Amino acid sequence: MTSEKTRRILWGSGTPRTLRGHWMLHELGLEYEKRPIGSRTGETQDPEFTKLNPREKIPVLQDGDLTLAESAAIVTYLGESYGAAQGLVPPMGTRERAKYYEWCFFAMTELDAHTTYIVRKHVALKEIYGEAPNAVRAAFEGFEKQAHVAHLQLTHGGPYILGDTFTCADLLLTTCLLSGFRHKLQLGDVLRDYVERMTAREGYKLGSAANQRP
């Protein structure tokens, strides 16, 4: 029987942000319990969940007595704690670790919060947030511009975003680029080939299946 100190639970499913946690757990081959609650279903307002995350957002990871929100933080924590042998997060104090942070923050701001999430709010969730065609147009343009930076990096320094090794930064970047391709943005063959390589990984396939809403 699993004790509370070793129990691992991932809350959330059905979104690119929850996909990151599922993918990472499967990339590492870690056992965990799934709590497939969804956004805007009322489930994130349940008292049991709001005790874990008063922001009422998914995903949330419980790893023993640690509770952690924010997908990039979850992925980095898991990679650092359980993926050292795989090099999923570069060692602290190295230049590689600094570049790792650079690309993680780039993905989470330029390709997620500043662009993809704006599109999601005003296209997929326009009944809640209203239509904003100018904001959506600017978000698409911003995404394509910033994705080109990743295109340049992969062209001159690939096959992964930090060079020769798959890291959590690739996981975060891929989930963002997938959103761009779903919206049929013009991102080019280099990024398309990159995403195809990343999504061919067994960890992605298993994580994507685990992320499906019941």
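Me: How many nonpolar, polar and charged residues are in the lining of the largest cavity?

Reply: This is a predicted model, and the general idea comes first. Rolling a probe the size of a water molecule over the atoms shows where empty space is left. In this structure the lining of the largest cavity divides into five nonpolar residues, four polar residues and no charged ones. The residues concerned are Thr115, Thr116, Val119, Ala139, Phe140, Phe143, Gly180, His183 and Leu185, and the volume they line is about 40 Å³.

Me: Which helix supplies the largest share of the lining of the largest cavity?

Reply: Helix 7 does, with three residues, while helix 5 and helix 7 are each a source of at least two residues of that lining. If you look for cavities of 30 Å³ or more, the structure holds one.

Me: What about the largest pocket: how many residues line it, and which lie nearest its centre?

Reply: The largest pocket has 34 lining residues, and Thr15, Arg17, Asp112, Tyr117 and Arg120 are the ones nearest its centre. The space in this pocket comes to about 810 Å³. When the lining residues are sorted by class, 14 are nonpolar, 11 are polar and nine are charged.

Me: Which helices each supply at least two residues of the lining of the largest pocket?

Reply: They are helix 1, helix 3 (71-82), helix 4 (95-113), helix 5 (116-124) and helix 8, and the largest share, six residues, is supplied by helix 5.

Me: Helix 1 and helix 8 have both been named, and I would like to read how they pack. At what angle do their axes cross?

Reply: Two packed helices are described by the angle between their axes and the distance between the axes. Here the axes of helix 1 (residues 16-28) and helix 8 (residues 168-182) cross at roughly 145 degrees and come within 10 Å, and the crossing of helix 1 past helix 8 is right-handed. On the side of helix 1 the contact is made by Pro16, Leu19, Arg20, Trp23 and Met24, and on the side of helix 8 by Cys168, Leu171, Leu172, Thr174, Thr175, Cys176, Ser179 and Arg182. Sorted by class, this contact has eight nonpolar, three polar and two charged residues.

Me: Trp23 has an aromatic ring, so how should I read aromatic pairs, and why is the pair of Trp23 and Phe166 tilted?

Reply: A pair is read from the distance between the ring centres and the angle between the ring planes, and with centres within 6.5 Å as the cut-off, the count in this structure comes to eight aromatic pairs. The rings of Trp23 and Phe166 have centres 6.3 Å apart and planes at 35 degrees, so this pair is tilted. The pair also links distant parts of the chain, since Trp23 is in helix 1 and Phe166 is in the loop between helix 7 (133-157) and helix 8, 143 residues apart.

Note on methods:
Residues are numbered from 1 along each chain as its sequence is written. This is a predicted model: local features need pLDDT of at least 70, side-chain atom pairs count only at pLDDT 80 or more; totals for chains, interfaces and linings use all residues. Side-chain values use heavy atoms; hydrogens and water are left out. Axes are lines fitted to C-alpha atoms, for helices over the stretch in contact, and angles run from 0 to 180 degrees between N-to-C directions. Helices (H or I, at least four residues) and strands (E, at least two) are DSSP runs, numbered from the N terminus. A crossing is left-handed if the near helix is turned anticlockwise from the far one by less than a right angle, and right-handed if clockwise. Contact means heavy atoms within 4.5 Å. Ala, Val, Leu, Ile, Met, Phe, Trp, Tyr, Cys and Pro count as nonpolar, Asp, Glu, Lys and Arg as charged, and the others, Gly among them, as polar. On a 1 Å grid over the protein atoms alone, a cavity is a set of points where a 1.4 Å probe fits but cannot get out, and a pocket is an open set with protein on both sides within 12 Å along at least five of seven lines; lining residues have an atom within 4 Å of a point. Grid points are joined across faces, edges and corners, and a volume is the space filled by probe spheres set on the points. Rings of Phe, Tyr and Trp (its six-membered ring) pair if their centres lie within 6.5 Å; planes under 30 degrees apart count as stacked, over 60 as edge-to-face and the rest as tilted.
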